[in-house]
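Please consult the sequence and the model together.

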Amino acid sequence: MLNVFLTLSVSFFITLCAIPAIIKIAVAKRLYDIPDQRKLHTRPIASLGGIAIFVGFTLTSLLTTSFQSAPEFQYFFAAAVAIFFLGLKDDILILTALKKFIGQGIAAAMIIHLGNIRIDSMHGLFGFYELPEALSLLVSYVSIIVIINAYNLIDGVDGLAGTLGLLTMSVFGSYFYMVDMPAYALLAFSMAGSMAAFLIFNYNPAKIFMGDSGSLLLGMVNAILVIKFIAIADSSSVAYPLQSAVAIGFAILMVPLADTLRVFSIRIFKGRSPFSPDRNHIHHLLLDRGLNHRYITIFCLLLNIVFIATAFFSRHLGPNYVMLMLTAISCVFLGALYYFKKPVPQVVLERTFQKNQDAFTPASTKVVSIKKEAAVLEN
C-alpha cells in the first residue's frame with residue numbers, strides 16, 4: 001500500500017509542477033490550439049498537456065518498476081516513447097491518418113511481439129476460446145489500435161478523457177494490486193496520479209488540453225492493462241478470479257470504446273474513412289441537448305460506472321449474456337438521445353487573421369503562433 005501511495009503522490013506532484021511551466025512556455029511562445037468550426041473551445045488554448053502527463057507517468061513508472069520482475073515493461077516504455085512523440089508531432093504539425101496509423105501499428109508491434117501482450121483466447125465470448133496465432137495477432141493489433149484511438153476521439157470536451165482515464169486506471173490498478181501483480185498496479189497508478197494532476201487544469205474552463213500526445217498515451221496504457229486483465233482475471237490461479245473477464249474488461253472501457261466503434265461503423269457505412277472528422281461523438285450529441293462540459297463529463301463518468309457495475313454483478317451469467325446486456329443499455333441510451341433530440345441553432349464563427357508573416361501560419365500547422373493584435377476573440 002505504501003508503494004501505491006508513493007506512486008500516486010510522485011506522479012501527481014511531477015505533473016502538477018510541470019503543467020504551469022508548460023502553460024507559461026506556451027504563452028511566451030504563443031503556441032496555441034486555434035478554435036475552428038469543429039472545435040468546441042472559443043479561445044486559443046495550449047494543447048501540450050501530454051508532455052506533463054508523459055513526464056510524470058514515465059519518471060514515476062521507471063522509479064517504481066523493477067525490470068527484473070517485469071522485463072516486458074522495457075518494451076512498454078519504448079512503445080510509450082514512440083506513441084508520445086507521434087502524438088506530440090500531431091499536436092504541432094498535422095499528421096495524415098495513414099502516418100498516425102503506421103505509428104500506432106509500430107507501438108502495437110512492440111507491445112505484442114516484444115512485450116508479449118496479446119489476445120490469445122476469447123474466454124468463451126461468442127463461443128470462441130483459444131485463437132489460432134494468425135487470428136490472435138489480428139485481434140490484438142485491431143484491439144490495441146482501436147483502444148488507442150478511442151481515448152484520442154473521446155477527448156472532445158474539458159475533463160472528459162482525463163476523468164474516464166482516471167476511472168479506468170483506478171479500477172485496473174486496484175485489481176492488479178489485489179491479485180499481487182505490483183508492476184501492473186503501479187503502472188496504472190502512475191498514470192492515475194498524472195491524470196489527477198492534469199484534471200486540475202483541464203476541467204471547464206480548461207487552461208490546457210492533453211492533446212494527442214496525452215490521449216494516445218492514455219489509450220495505449222489502457223490497451224496494455226485491459227489485455228493483461230482479460231488474460232489473467234478468469235484464471236483460478238489468481239487471488240480474485242472473475243467470471244466473464246472479457247466482458248468486464250470491455251465494460252471498464254465502455255464509453256470511449258463503444259463510442260469509437262459506433263462512429264467508425266457509421267463512417268464506414270457511409271463510405272467514408274473511419275478517421276474522417278464529424279460531430280457524431282457522444283459528447284457532441286450531449287452538447288446538442290444543452291449539457292455543458294461539466295455535466296457531460298459527470299454524466300459519462302456515471303454511465304461508465306453503471307456499465308462496470310452491470311458487468312461485475314452479472315458476471316456469473318457468462319460473457320455472452322453480459323455483453324448482450326451492455327449492448328442493450330448502450331442502444332437504449334443512444335435511442336433516447338436521438339428520440340429527445342432538439343434542434344439547436346448552429347452558430348458559425350468567422351475569424352479573420354491578418355495576412356502578414358507574423359499572424360499567418362500555413363494550414364499544415366495545428367499549433368500556431370499568434371500575436372496579440374491578431375489573437376482570436378474570446379466569446
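A salt bridge is counted when a side-chain nitrogen of Lys or Arg lies within 4 Å of a carboxyl oxygen of Asp or Glu. The model is a predicted one, in which local features need pLDDT of at least 70 and side-chain atom pairs count only at pLDDT 80 or more, while totals for chains, interfaces and linings use all residues. Residues are numbered from 1 along each chain as its sequence is written, and side-chain values use heavy atoms, with hydrogens and water left out.

By this rule there are three salt bridges. One of them joins Lys100 to Asp90, at 3.3 Å from N to O. Lys100 belongs to helix α4 and Asp90 to helix α3 (residues 73-92), so this pair ties together parts ten residues apart in sequence; helices are DSSP runs of H or I with at least four residues, numbered from the N terminus. Lys100 also forms a salt bridge with Asp212, where the closest N and O atoms are 3.3 Å apart. This pair links distant parts of the chain, since Asp212 lies in helix α8 (residues 211-233), 112 residues from Lys100.

Lys100 counts as buried at 14%, Asp90 is buried at 3%, and Asp212 is buried at 11%.

Another salt bridge brings together the side chains of Arg262 and Asp259, at 2.8 Å from N to O. Both residues lie in helix α10 (residues 254-269), three residues apart, about one turn of the helix, and both Arg262 and Asp259 are buried.

How values were computed
Helices (H or I, at least four residues) and strands (E, at least two) are DSSP runs, numbered from the N terminus. Buried means under 20% relative accessible area, exposed over 50%, partly exposed in between (1.4 Å probe, protein chains only).
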